[in-house]
Amino acid sequence: MTVIMFIYYLICAYLAGILIWNFIQEKKSSTKLILYILVILPLIIRLLRIK
């Protein structure tokens, strides 16, 4: 794996971690929870290398 791909996966993992943390902290709005899931899903699929 090249250095660029490694950095790309690190960035995806970092963003997914931040979004998961915000998802856990969100208590009020159910629409925000749905939006967090919609944003997290492609990042997790990318990290697991599922096509």
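Visitor: What makes Cys12, Ala16, Leu19, Tyr36, Ile40 and Leu43 the largest nonpolar core?

Guide: These six residues form the largest such set; a nonpolar core is a set of buried Ala, Val, Leu, Ile, Met, Phe, Trp, Tyr and Cys residues joined through side-chain atoms within 4.5 Å. Helix 1 and helix 2 each supply at least two residues of this core. The model is predicted: local features need pLDDT of at least 70, side-chain atom pairs count only at pLDDT 80 or more, and totals for chains, interfaces and linings use all residues. Residues are numbered from 1 along each chain as its sequence is written, and side-chain values use heavy atoms, with hydrogens and water left out.

Visitor: Why are helix 1 and helix 2 called roughly antiparallel?

Guide: The axes of helix 1 (residues 3-25) and helix 2 (residues 30-47) cross at roughly 155° and come within 9 Å. Angles over 145 degrees, on a scale from 0 to 180 between N-to-C directions, count as roughly antiparallel, and the two helices are therefore described in that way.

Visitor: Why is Glu26 called buried?

Guide: Buried means under 20% relative accessible area, computed with a 1.4 Å probe on protein chains only. Glu26 has 19% and is therefore buried. Its place is in the loop between helix 1 and helix 2.

Visitor: Which residues does Glu26 touch, not counting residues up to four places away in sequence?

Guide: Glu26 touches Lys32, Leu33 and Tyr36, where contact means heavy atoms within 4.5 Å. The C-alpha atoms of Glu26 and Tyr36 are separated by 9.7 Å.

Key
Helix = DSSP H or I, 4+ residues; strand = E, 2+ residues; numbered from the N terminus. Parallel < 35°, antiparallel > 145°, perpendicular 65-115°, else oblique. Buried < 20%, exposed > 50% of the residue type's maximum accessible area, 1.4 Å probe, protein only.
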